[in-house]
Amino acid sequence: MQKARRKNKIIIAVGSANPNKVRGIRKAAKRLFANAKVVGIDVDSGVSDQPFGEETIKGAVNRARELARKHEAEGADYFVGLESGIFEQGDRFFDFQWCAVLHAGKIHLGCSMGFEIPREQAERLKAHKITLSELYHNITGDKDIGMKEGVINYLSCGVLKRSEMTEQAFLCAMIPLMRKIRK
C-alpha cells in the first residue's frame, strides 16, 4: 500500500504562511517524497509570540493540532507545526526551531540546529516581551528579517538560513516515519 501511495501526491499542510518556513518544508519534502504538495496556512500557536524553553515545543504541537482540526477535510497527509524559541543552557541562550508533525493521529517531534543569542539580548526579549525578529529589526533596520532568512542569516553573515533550520527540524521530526516512507 505504501508504494502505491507514493505515486499519489502527498499533501503537507504547514501551520505558517512564512515563506521561509514553507520553502524549508518544500525542500525537505523533495528529499522524502516523489510527489509532494506543500501548503502554508497561518494558524495560532497558543503560546507567547516569543516562547522560551518548553513553551516552544508546546507551540509547535499546538500549531500542528490546530491545523489538523481546522483543515483535516482538505486531505493533508501530514500537518506540520513550527515554532522558534529561546532555550537557556547554563548561562547561555540559544535559538532553536522545533517541528511537530501530526500523521495518522501521532505527533512526531524534531528540532533544528541552534545558535547562540547574546545574554543581554535574551534578557531584553524577556524584559520587553518582544520577539527575536523585532529585536533584530531594531538592530538592523530590516522590519522583514523574520520573513526573510532570519536572524541566523544576519548573525552568520549569510552562511546559514532560517529555511535550513526549518528543513532540519522537519526532517528530524520525520525520522520515526522514514523507514516506512522510503520503502
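Reply: Here is a short tour, starting with the ground rules. This is a predicted model, where local features need pLDDT of at least 70, side-chain atom pairs count only at pLDDT 80 or more, and totals for chains, interfaces and linings use all residues. Residues are numbered from 1 along each chain as its sequence is written, and side-chain values use heavy atoms, with hydrogens and water left out.

Me: Okay, the inside then. How many residues has the largest nonpolar core?

Reply: It has 22 residues, and those with the most contacts inside it are Ile12, Phe33, Tyr78, Val80, Phe170 and Met174. A nonpolar core here is a set of buried Ala, Val, Leu, Ile, Met, Phe, Trp, Tyr and Cys residues joined through side-chain atoms within 4.5 Å. Buried means under 20% relative accessible area, exposed over 50%, and partly exposed in between (1.4 Å probe, protein chains only).

Me: Which elements give two or more residues to this core?

Reply: They are β1 (10-14), α2 (19-32), β3 (78-89), β4 (92-103) and α7 (162-181). The largest share, seven residues, comes from α7. Those labels are DSSP runs numbered from the N terminus: helices are H or I with at least four residues, strands are E with at least two.

Me: What does Phe170 touch?

Reply: Leaving out residues up to four places away in sequence, Phe170 touches Ile12, Ile25, Ala28, Ala29, Leu32, Val80, Cys99 and Val101. Contact means heavy atoms within 4.5 Å.

Me: And Ile12, is that buried or exposed?

Reply: Buried, because its relative accessible area is 0%. Ile12 is in strand β1. With residues up to four places away in sequence left out, its contacts include Phe33, Val39, Tyr78, Val80 and Phe170. The C-alpha atoms of Ile12 and Asp77 are separated by 6.0 Å, though the two are 65 residues apart along the chain.

Me: Switching to α3. Why does its end-to-end distance agree with its number of residues?

Reply: Helix α3 (residues 54-71) has 18 residues, so at 1.5 Å a residue it should span 26 Å, and its end C-alpha atoms are 26 Å apart. The expected span is 1.5 Å times one less than the number of residues.

Me: Which residues of α3 are buried?

Reply: The buried ones are Thr56, Ile57, Gly59, Ala60, Val61, Arg63, Ala64, Glu66, Leu67, Ala68 and His71. Their cover includes β1, β3, β4 and β5 (106-111). Take Thr56, which counts as buried because its relative accessibility is 0%. Not counting residues up to four places away in sequence, Thr56 touches Pro51, Glu83, Ser84, Gly85, Ile86, Phe87, Phe96 and Trp98.

Me: Now charges. How many salt bridges does the structure hold?

Reply: Eight. A salt bridge is a side-chain nitrogen of Lys or Arg within 4 Å of a carboxyl oxygen of Asp or Glu. An α-helix has 3.6 residues a turn, so residues three or four places apart point the same way.

Me: Which pair links distant parts of the chain?

Reply: Glu167 in helix α7 and Lys27 in helix α2, 140 residues apart. Their side chains meet in a salt bridge (3.9 Å, N to O). Glu167 is buried, with a relative accessible area of 8%. Salt bridges that share partners join Lys27, Arg31 and Glu167 into one network.

Me: Let's go outside. Which residues form a nonpolar patch on the surface?

Reply: Ile139, Tyr154 and Leu155, with about 250 Å² of accessible area together. Patches are made of residues with over 30% relative accessible area and no salt bridge, with like charges joined within 9 Å and nonpolar side chains (Val, Leu, Ile, Met, Phe, Trp, Tyr) within 5 Å. Accessible areas come from the Shrake-Rupley method with a 1.4 Å probe, and for residues only the protein chains shown count as cover. Tyr154 sits in helix α6 (residues 150-155) and is partly exposed at 42%.

Me: Last one. What phi does Ala104 have?

Reply: Ala104 has a positive phi of about 50° although it is not a glycine. Ala104 is in the loop between β4 and β5 and is exposed, with a relative accessible area of 70%. Lys129 also has a positive phi of about 50°, and its place is the loop between α4 and α5 (132-140).
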